[in-house]
Amino acid sequence: MALPALDSPKWQSSVAAFAFGVKSALSSILALVLFGTFIGIGAFAYDTGFTLGWALASTVLVWAGPAQIILISTHHAGATLLESALAVTISGIRLLPMVVSVLPMMRTAETKMRQLVLPSHFVAVTVWVESFRLLPHVPRERRVAFVNGLGSGLTFLSCVAAVLGYGLAANLPPLLAAGILALTPLTFLLSTARNAHKLVDKLALALGLALYPLVQLLHTGVDIMISGLTAGTVAYAINRLWRRA
């Protein structure tokens with residue numbers, strides 16, 4: 001969706017900026033990736049005995065696909081509330097650099113700290129990417145309202161997808177339900193591939209995909225972590241050597 005010009009009178013109110021944020025969320029191509037992700041999360045919640053109400057609550061409150069999967073998985077494994085909270089918190093630390101990079105783009109001299117609480121909550125990968133793409137086209141004094149609209153729109157879309165995934169998993173044959181569960185890792189993979197612009201990113205992704213089947217033969221239980229760390233380290237080393245050459 002094309003946003004109005006910076007000096008357009010359409011930006012005069014925060015309500016209008018919020019509405020533009022919602023419209024941008026619903027028209028973003030990343031919204032399709034997010035929709036597929038949360039269909040898978042909804043199906044996963046049903047498969048593990050997580051209630052629909054708690055699935056929706058965790059979508060709104062956690063607002064990070066990987067952390068939500070950790071929450072549902074640890075709950076299913078019998079972890080205590082404290083253990084689940086700790087696991088989700090550690091997972092959420094990865095979002096801190098994103099929050100730190102986006103908040104300065106929204107602040108003005110008059111911005112109060114309490115006004116940044118909700119935008120900070122919304123800054124996950126999708127909102128982070130869209131903020132860098134869209135905020136330069138939004139007047140600075142309307143950026144907080146815009147990001148709130150963007151985050152609210154994406155959260156609403158994710159809740160709809162979670163309900164859809166939960167319902168499909170409950171009513172489809174087991175084979176098709178298993179296919180829905182595969183949507184989450186597939187959408188994460190496609191999202192990563194879409195955002196891999198540099199050679200080092202593409203090399204790390206390709207090496208990770210190639211290494212995983214081999215590492216899986218070791219039956220370590222942390223196959224993804226081992227293949228990811230190895231692929232990322234090798235790609236980084238190759239990139240450094242290439243730049244020195």
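Which residues does UniProt list for "transmembrane region"? The unreviewed entry gives residues 20–46, 52–72, 84–104, 147–169, 175–192, 199–218 and 224–242; UniProt positions follow the numbering used here, feature names are shortened, and annotations may be inferred rather than shown by experiment. This is a predicted model, in which local features need pLDDT of at least 70 and side-chain atom pairs count only at pLDDT 80 or more, while totals for chains, interfaces and linings use all residues. Residues are numbered from 1 along each chain as its sequence is written, and side-chain values use heavy atoms, with hydrogens and water left out.

**View 1. The whole chain.** The secondary structure comes to 13 helices and zero strands, where helices (H or I, at least four residues) and strands (E, at least two) are DSSP runs numbered from the N terminus. The radius of gyration, taken over C-alpha atoms, is 20 Å, close to the 18 Å that the globule rule (2.2 Å times the number of residues to the power 0.38) gives for 245 residues, so the chain is as compact as a globular protein of that length.

View 2. Residues 84–104 are 86% helix and 0% strand, with end C-alpha atoms 31 Å apart. Residues 224–242 are 100% helix and 0% strand, and their end C-alpha atoms lie 26 Å apart.

View 3. H2 is followed by Gly49, whose phi is positive, near 80 degrees.

**View 4. The lining of the second largest pocket.** A pocket is an open set of points on a 1 Å grid over the protein atoms alone, where a 1.4 Å probe fits, with protein on both sides within 12 Å along at least five of seven lines, and lining residues have an atom within 4 Å of a point. Of the 14 lining residues, Phe50, Trp54, Leu71, His75 and Leu81 lie nearest the centre of the second largest pocket. Helices H3 (52–61), H4 (65–76) and H5 (81–92) each supply at least two lining residues, and the largest share, four residues, comes from H3.

**View 5. Thr80 in its loop.** Thr80 is placed in the loop between H4 and H5, and is partly exposed, with a relative accessible area of 43%.

Key. Buried < 20%, exposed > 50% of the residue type's maximum accessible area, 1.4 Å probe, protein only.
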